[in-house]
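Please look over the sequence and the model shown below. The report that follows goes through some of the contacts inside the fold.

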Amino acid sequence: MKLYRPATILVGILFVLLGGVTRLAGPESVLGEDQNLKVVHGTIGEALQYAGSGSTMKVTRIKFARTIVSADASDDDKPIETNGVFVAVEWDAVRGVKDPDTLNPTLITDGDSVYEKVSDPSESRIAFPDAGFASTGSVVFEVNPTDLKGLTLRLRPSMFFNVYNSEIRVDLGVPTEAIAQQMVDGAVDQYVVPDDVTRVAS
């Protein structure tokens, strides 16, 4: 009995340590809605602050489209089509001294749908420039046209450490299903996804 007791204790300690590592890596601890993650709510046209970074993010407008194409596309490149509808979110990012963590942009709705950004074209993204500069660009999502009520842009940081940070949520102005349908019906035939444009921050 005494021979195996130290080994049993060591195994127990190992499981406790592994449990602690798992909790630190789990989504509830790292990305959870706790005191270290402030959710900042806003609307289109409002510059929203990232905690402790001096950086801001603003959605300038949204566009609904039936097809998308890269601004760098050649005459031989065909527009990208969808069975749903594309939502292009145009943004303006101002970088402070500290670089905000990498953002994971998604669209969420009142129906609990989560839409990821399209991977093609590569210009569809959100990125901060160097300190002292500002950028404009566009991020595009492929969405279900029948589930758009409460459409909200969610910018969640990829937090690898338990530090104070911000999650930004921008109300994109789709309060009812009727308004959502009007926006879908008014979708343009083609949206050109622009390259990012960088300028000196004012």
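Are Tyr50 and Phe128 buried or exposed? In this predicted model, both residues are buried.

**The aromatic pair**

The structure contains one aromatic pair. Its members are Tyr50 and Phe128, arranged edge-to-face, with 5.7 Å from centre to centre and 85° between the planes. Tyr50 sits in the loop between β2 (48-49) and β3 (56-70), while Phe128 sits in the loop between β6 (114-116) and β7 (133-143), so the pair ties together parts that are 78 residues apart in sequence.

**The nonpolar cores**

The largest nonpolar core is made of 31 residues. Met57, Phe64, Val89, Leu107, Leu148, Leu153 and Leu172 have the most contacts inside this core. At least two core residues come from each of β3, β4 (80-94), β5 (103-108), β7, β8 (152-157), β9 (165-171) and α3 (177-185). The largest share, five residues, is supplied by β4. Another core lies apart from this one; it has eight residues, including Phe86, Val140, Tyr191 and Val193.

Of the six residues in β8, five are buried, and the strand is mostly covered.

| Strands | Direction | Bridges |
|---|---|---|
| β5 and β8 | antiparallel | six bridges |
| β8 and β9 | antiparallel | four bridges |

Leu103 has Pro157 in β8 as its bridge partner. Leu153 stands opposite Val170 in β9.

Which residues does Leu153 touch, not counting residues up to four places away in sequence? They are Val59, Val89, Pro105, Thr106, Leu107, Phe141, Ile168, Arg169, Val170 and Leu172. Two of these names, Val89 and Leu107, are also among the residues with the most contacts inside the largest core.

**Val40 in strand β1**

Val40 is found in strand β1, which covers residues 37-43. Why does Val40 count as buried? Its relative accessibility is 14%, and the cut-off for buried is under 20%.

Val40 is 128 residues from Ile168 in sequence, but their C-alpha atoms are 4.8 Å apart in space. Leaving aside neighbours within four places in sequence, Val40 is in contact with Leu48, Gln49, Ser166, Glu167, Ile168 and Arg169. Ile168 and Arg169 are also among the residues that Leu153 touches.

Definitions and conventions:
Residues are numbered from 1 along each chain as its sequence is written. This is a predicted model: local features need pLDDT of at least 70, side-chain atom pairs count only at pLDDT 80 or more; totals for chains, interfaces and linings use all residues. Side-chain values use heavy atoms; hydrogens and water are left out. Rings of Phe, Tyr and Trp (its six-membered ring) pair if their centres lie within 6.5 Å; planes under 30 degrees apart count as stacked, over 60 as edge-to-face and the rest as tilted. Buried means under 20% relative accessible area, exposed over 50%, partly exposed in between (1.4 Å probe, protein chains only). A nonpolar core is a set of buried Ala, Val, Leu, Ile, Met, Phe, Trp, Tyr and Cys residues joined through side-chain atoms within 4.5 Å. Contact means heavy atoms within 4.5 Å. Two strands pair if DSSP finds at least two bridges between them.
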